[in-house]
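The following exercises concern a single chain and are to be worked with the sequence and the coordinates at hand. Each task is followed by a stepwise solution.

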Amino acid sequence: MEDKAIMQVLTKRYPKNCLLTVMDRYLAVVSNMEQVVMIPSLLRDMQLSTHGYQAQAGTSDLYSYFTMLKAIRIDVEHGLLPRQQWQAKVAGGKADGAETEAGEMEEAEEESVLGQLDLEAQFHLHFASLHHILTHLTLKAEEVTRRYQEKMGQAM
């Protein structure tokens, strides 16, 4: 039933490994997760299990994944924040001058290394990474939804 709901959201047909297909699937799965999870606070202190194995102690709970997946969905749908706003968000607005300066030096080194690669190689590297990350996040959203449904089934 879940796959049927996902497929209804996908209105255009792209090739299976097309980035647009992966993005559409991610957006559909996260939207489904948001519709299913009516009480997100129930996800607190529930650990993500991967293929039958319990997650390691100290890892994020399902509530953290839920909020992260929603935030990423907004970025995918509406675009990225300007670089300065994104850095402030990541740093929590608390980075001092030394940390910011060190981060800028590190970014300059990364850009120098990336500048040595040709643009096509950079594109393929980032495309493959984005494809992999979106696929991984989609699986996490499906896991959050499934675990929430299991918990709600136990509660009834």
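Among contacts in the chain (heavy atoms within 4.5 Å) between residues at least 6 apart in sequence, 67% join residues at least 24 apart. The model is predicted: local features need pLDDT of at least 70, side-chain atom pairs count only at pLDDT 80 or more, and totals for chains, interfaces and linings use all residues. Residues are numbered from 1 along each chain as its sequence is written, and side-chain values use heavy atoms, with hydrogens and water left out.

**Exercise 1.** Determine the secondary structure of the chain.

Solution. Helices (H or I, at least four residues) and strands (E, at least two) are taken as DSSP runs, numbered from the N terminus. The chain then has 6 helices and 0 strands, in the order α-α-α-α-α-α.

**Exercise 2.** Describe how α2 and α3 pack.

Solution. Step one: α2 (residues 19-36) and α3 (residues 62-78) meet at about 135 degrees, their axes 10 Å apart. Axes are lines fitted to C-alpha atoms, for helices over the stretch in contact, and angles run from 0 to 180 degrees between N-to-C directions. Step two: α2 is therefore oblique to α3, since angles under 35 degrees count as roughly parallel, over 145 as roughly antiparallel, 65 to 115 as roughly perpendicular and the rest as oblique. Step three: the contact involves, among others, Met23 and Tyr26 of α2 and Phe66 and Leu69 of α3.

**Exercise 3.** Is Met38 buried or exposed?

Solution. Met38 lies in the loop between α2 and α3. Its relative accessibility is 62%, so Met38 is exposed (buried means under 20% relative accessible area, exposed over 50%, partly exposed in between; 1.4 Å probe, protein chains only). The C-alpha atoms of Met38 and Tyr148 are 9.3 Å apart, although 110 residues separate them along the chain.
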